[in-house]
Amino acid sequence: MPAEFPEFRLGTVLATSFTATLTERRGDAVERIPTPQRLVDWLAVSGLAVDSCTTAQLERARELRESIHAAATAAALGEPLPASAVRVLNDRSVQGRAAPVLTPEGKRQWQLGSASRVEDALSVIAADAISIVAGERDGRLALCASPTCQAAFFDTSQSRTRKWCDMNTCGNRQKKARFNANRRKEPSPAQ
């Protein structure tokens with residue numbers, strides 16, 4: 001991947017990994033799919049390879065991403081789901097022709113339509129989001145404790161008390177800030 005683009009933040013849950021294509025939502029936002037080709041790249045590394053993507057498809061993908069984020073945030077906070085987000089999730093879910101298939105290794109893989117359309121890939125992402133927002137999977141939706149991030153993530157830890165969307169970024173950043181704040185409070189040694 002070209003160095004001019006930020007790296008993808010991939011997780012184990014497709015829908016919340018997709019929302020992580022826009023990070024630092026409460027700070028200096030970082031768009032990780034700024035071009036149609038970057039969406040093609042993200043879909044490929046997420047097991048949903050498509051042949052190409054138009055600007056209009058990128059816009060539909062971003063609308064889905066923001067709808068997933070809005071619905072997941074509302075679910076994490078125990079608030080009513082935004083009607084517009086529900087509409088977009090449902091619309092994207094039914095627009096594709098993707099089907100789950102079993103690999104020889106016994107794994108589920110998505111088979112997209114014959115044209116490998118972006119709409120098929122978006123329907124898979126929307127269906128994944130619907131399953132986690134509806135509470136059909138073992139885990140809970142939560143929001144990152146980082147004040148600049150606030151990303152929705154799906155917590156499957158045993159205790160369901162995870163605080164960070166990603167320990168390697170938000171968690172470490174917060175731990176480092178706490179460590180530095182504590183060091184500043186310590187009295188300097190006498191000289």
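1. I began with the side chains of R62 and E59, which are joined by a polar contact of 3.1 Å. Please keep in mind that this is a predicted model, so the distance is a computed one.

2. Where does R62 lie? It belongs to helix 3, which covers residues 55–77. Is R62 buried or exposed? Its relative accessibility is 17%, and because the cut-off for buried is under 20%, R62 counts as buried.

3. The surroundings of R62 are worth a look on your screen. If neighbours within four places in sequence are set aside, R62 contacts E31, I33, P34 and T35. As for L39, which is 23 residues away along the chain, its C-alpha atom is 9.6 Å from that of R62.

4. How far can you trust this region? Helix 3 has the highest confidence in the chain, with a mean pLDDT of 96. The lowest is in helix 6 (residues 167–185), where the mean is 69, and I would mention that in the text. Over the chain, pLDDT averages 86, and 87% of the residues reach at least 70.

5. Spanning residues 118–133, it has 16 residues and extends 22 Å from first C-alpha to last, close to the 22 Å expected at 1.5 Å a residue. Of those 16 residues, 14 are buried, so helix 5 is largely enclosed by the rest of the structure. After helix 5 comes G135, which has a positive phi near 80 degrees.

6. Another glycine with a positive phi sits in a hairpin: G106, near 85 degrees, in the hairpin of strand 3 and strand 4. Five residues lie between these strands. Strand 3 (residues 99–102) pairs with strand 4 (residues 108–111) in the antiparallel sense, over four bridges.

7. For the overall description, I would list six helices and six strands. Read from the N terminus, the order of elements is α-β-β-α-α-α-β-β-α-β-β-α.

8. Finally, some totals for the chain. It has 191 residues, 39% of them buried. Among contacts with a separation of 6 or more, 53% are between residues 24 or more positions apart.

Technical notes
Residues are numbered from 1 along each chain as its sequence is written. Side-chain values use heavy atoms; hydrogens and water are left out. Helices (H or I, at least four residues) and strands (E, at least two) are DSSP runs, numbered from the N terminus. Buried means under 20% relative accessible area, exposed over 50%, partly exposed in between (1.4 Å probe, protein chains only). Contact means heavy atoms within 4.5 Å. A polar contact is a pair of N or O atoms within 3.5 Å; within protein, one must be able to donate a hydrogen and the other to accept it, and residues adjacent in sequence count only if both atoms are side-chain atoms. pLDDT is the predictor's confidence in each residue, from 0 to 100. The expected span of a helix is 1.5 Å times one less than its number of residues. Two strands pair if DSSP finds at least two bridges between them.
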